[in-house]
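I am keeping short notes on what I looked up in this structure, one topic per entry.

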Amino acid sequence: MRFWPFKVIPSDDDKPMILVTYKGKEKLLSAEEIASMVLTKMKDVAKAYLRKTVKNVVVTVPAYFNDSQRLATKDAGTIAGFDIVRIINEPTAAAIAYSLDKVVSSSVAKNVLIFDFGGDTLDVFVATIEAGVIEVKAIAGDTHLGGQDMDNIMVDYFIQEFRRTKSKDISK
């Protein structure tokens with residue numbers, strides 16, 4: 001939190017509130033309020049692109065989100081004027097995006113391991129797919145493996161590899 005460009009302050013009911021400066025004034029906002037602002041902006045972008053208002057949405061959340069985080073996400077969507085049809089885990093969304101529910105369409109159950117190596121986290125889940133139905137069996141995630149953490153590891157790794165390869169090429 002010490003690197004964040006804002007302060008987090010507990011409210012009277014011990015709920016974290018974010019202190020921001022907006023148009024020269026300090027304001028306390030809940031995480032749901034901030035998320036709803038982002039969703040409202042996305043709603044406007046979608047309307048401009050599709051030339052019609054989007055009302056019903058499916059929202060994806062990290063696999064490690066607990067029930068209260070999912071409820072807060074739903075609340076943010078409601079504040080933004082959306083009807084949240086369903087909230088699904090990001091790895092499940094990835095499986096659907098790659099049509100795994102269609103590819104594994106036989107009546108024989110297939111166990112699959114799916115990972116979502118996203119911008120902030122690594123989410124992994126094991127699922128059984130049978131007749132186009134995805135049943136999640138286990139979920140795990142690491143909030144420190146992904147995003148900038150992983151970018152730094154990969155840069156360090158490839159710089160070492162590049163230096164070794166380059167020195168071998170020079171010696172030829």
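**Entry 1: a hairpin.** I started with the hairpin of β7 and β8, where two residues lie between the strands. A131 takes a positive phi there, near 55 degrees. I noted that the model is a predicted one. Strand β7 covers residues 122–130, and β8 covers residues 133–142. The two strands pair in the antiparallel sense, and I found nine bridges listed for them. As an example I wrote down V124, whose bridge partner in β8 is A140.

**Entry 2: the other partner of β7.** I then looked up how β6 and β7 pair, and the sense is antiparallel, over eight bridges. Here I took I114 as the example and found that its bridge partner in β7 is F125.

**Entry 3: the whole chain.** I stepped back to the overall layout. How many helices and strands does the chain have? I found five helices and eight strands. Read along the sequence, the order is β-β-β-α-β-α-β-α-α-β-β-β-α. The chain has 172 residues, and 24% of them count as buried.

**Entry 4: a nonpolar patch.** Which residues make the nonpolar surface patch? I listed F115, F117, M154, Y157 and F158, with an area of about 540 Å² for the patch. Two elements, β6 (110–117) and α5 (147–171), each supply at least two of the patch residues. Helix α5 gives the largest share, three residues. I checked M154, which sits in helix α5. Its relative accessible area is 36%, so M154 is partly exposed.

**Entry 5: the largest pocket.** Next I looked up the largest pocket, which holds about 1,000 Å³ of space. I found 32 residues lining the largest pocket, and the closest to its centre are A31, P62, Y64, F65 and D120. The elements that give two or more residues to this lining are β2 (16–22), α1 (31–50), β4 (56–61), α2 (67–79) and α5. The largest share, six residues, comes from α1.

**Entry 6: I34.** I picked I34, a residue in helix α1. Is I34 buried or partly exposed? Its relative accessibility is 28%, so I34 counts as partly exposed. I also noted the spacing of I34 and I18: 16 residues apart in sequence, and 8.7 Å apart in space from C-alpha to C-alpha.

**Entry 7: salt bridges.** How many salt bridges does a search of the whole structure find? It finds two. One joins the side chains of E32 and K15, at 3.4 Å from N to O. This pair links distant parts of the chain, since E32 is in helix α1 and K15 is in the loop between β1 (7–10) and β2, 17 residues apart. I looked up the exposure of both ends. E32 has 14% relative accessibility, which means that E32 counts as buried, while K15 has a relative accessible area of 32% and is partly exposed. The cut-off for buried is under 20%.

The side chains of E135 and K137 also meet in a salt bridge, at 3.3 Å from N to O. E135 has 43% relative accessibility, so E135 counts as partly exposed. I stopped my notes here.

Note on methods: Residues numbered from 1 in each chain as written. Predicted model: local features only at pLDDT ≥ 70, side-chain atom pairs only at ≥ 80, totals over all residues. Heavy atoms only, no water. Patch = residues over 30% accessible without salt bridge, like charges linked within 9 Å, V, L, I, M, F, W, Y side chains within 5 Å. Areas by Shrake-Rupley, 256 points an atom, 1.4 Å probe, with all protein chains shown as cover. Salt bridge = Lys/Arg side-chain N within 4 Å of Asp/Glu carboxyl O. Helix = DSSP H or I, 4+ residues; strand = E, 2+ residues; numbered from the N terminus. Buried < 20%, exposed > 50% of the residue type's maximum accessible area, 1.4 Å probe, protein only. Pairing = 2+ DSSP bridges. 1 Å grid on protein atoms, 1.4 Å probe; cavity = no way out; pocket = protein on both sides within 12 Å on 5 of 7 lines; lining within 4 Å. Points joined across faces, edges and corners; volume = space filled by probe spheres on them.
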